[in-house]
Amino acid sequence: MKVLVLMGSPRKDGNTAALLAPFCEELRAGGAEVETIWLYDRDIRPCLACRRCQEDWTVFGCGQRDDVQAVFDKVLESDLIVLATPIYAWYCTPPMKALLDRLVYGMNKFYGREKGPSLWQGKAMALLMTCGYRPEKGCDLFEEGMRRYCKHSGLRYLGSHAERHLGYDTVFMDADKEARTRAFARELLGTI
């Protein structure tokens, strides 16, 4: 099984990265091949709504020349896409949002003169999040948005795992968070 993690955090040693490490270890221990793309390291421009991507139903087809084509290729090669992100103002970080906008159009050929296919239909998606509020009040809007995104695209939404940071003067990672995160990874392995 190929897992592609799209990492939305700008901090390589931040809270989301701390959750991602045991998560990926557990996936690899279960036999998955895991690749992580750090979105802040990539050139990901926002969608221009030009609909050029709708002209050819066999390719991504975006007219912008940035790093999204390479991400598109990795997404198509994967079985499970994991969106790992801190939650800023009740939603994912800016490069992840820009990528999600580009993917929903480039992958779903629904917006041209005729309705075409979803190029990634049937792939699985899961969320790994960190936030400052209780997850049910901090991550809920992003999770609901991604449920709808998956339904619209024909993706299989497998669920989410979120952990809360209680403040800048506290340590984020602990044994309980690690155990819950590893359990979520095992759950995903059992679902795929």
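Which side chains meet in a salt bridge of 2.6 Å, N to O? They are those of K12 and D41. Here a salt bridge means a side-chain nitrogen of Lys or Arg within 4 Å of a carboxyl oxygen of Asp or Glu. The pair links distant parts of the chain, 29 residues apart. K12 sits in the loop between β1 (2-7) and α1, and D41 in the loop between β2 (33-38) and α2 (68-77). Helices (H or I, at least four residues) and strands (E, at least two) are DSSP runs, numbered from the N terminus. K12 counts as partly exposed, because its relative accessibility is 49%. The scale is this: buried is under 20% relative accessible area, exposed is over 50%, and partly exposed is in between (1.4 Å probe, protein chains only).

The model is predicted: local features need pLDDT of at least 70, side-chain atom pairs count only at pLDDT 80 or more, and totals for chains, interfaces and linings use all residues. Residues are numbered from 1 along each chain as its sequence is written, and side-chain values use heavy atoms, with hydrogens and water left out.

Now turn to a pair of helices. Two packed helices are described by the angle between their axes and the distance between the axes. Helix α1 covers residues 15-29, and helix α6 covers residues 175-191. They pack at an angle of about 40°, and their axes are 8 Å apart. That angle makes α1 oblique to α6. Axes are lines fitted to C-alpha atoms, for helices over the stretch in contact, and angles run from 0 to 180 degrees between N-to-C directions. Under 35 degrees counts as roughly parallel, over 145 as roughly antiparallel, 65 to 115 as roughly perpendicular, and the rest as oblique.

Which residues make this contact? From α1 come L19, P22, F23, E25, E26 and L27. From α6 come K177, E178, T181, R182, F184, A185, R186, L188 and L189. Contact means heavy atoms within 4.5 Å. By class, the contact has eight nonpolar, one polar and six charged residues. Nonpolar covers Ala, Val, Leu, Ile, Met, Phe, Trp, Tyr, Cys and Pro; charged covers Asp, Glu, Lys and Arg; the others, Gly among them, are polar.

Charge matters to the next part of the tour. Side chains of opposite charge can pair when their charged atoms come close. R182 and E26 meet in a salt bridge of 2.9 Å, N to O. R182 lies in α6 and E26 in α1, so the pair ties together parts that are 156 residues apart in sequence. Both R182 and E26 are buried. They also belong to a network of salt bridges that links E25, E26, E178, R182 and R186.

Another bridge joins D66 and R102, at 2.7 Å, N to O. D66 is in the loop between β2 and α2, and R102 is in helix α3 (residues 94-107), so parts 36 residues apart in sequence are tied together. D66 is buried, at 13% relative accessibility. R102 is buried too, at 3%. The count for the model comes to 13 salt bridges.

Finally, look at the loop between β3 (80-86) and α3, where A89 lies. Phi of A89 is near 55°, a positive value in a residue other than glycine. A89 is exposed, at 65% relative accessible area. W90 is found in the loop between β3 and α3. W90 has a positive phi of about 70°, although it is not a glycine. At 38% relative accessibility, W90 is partly exposed.
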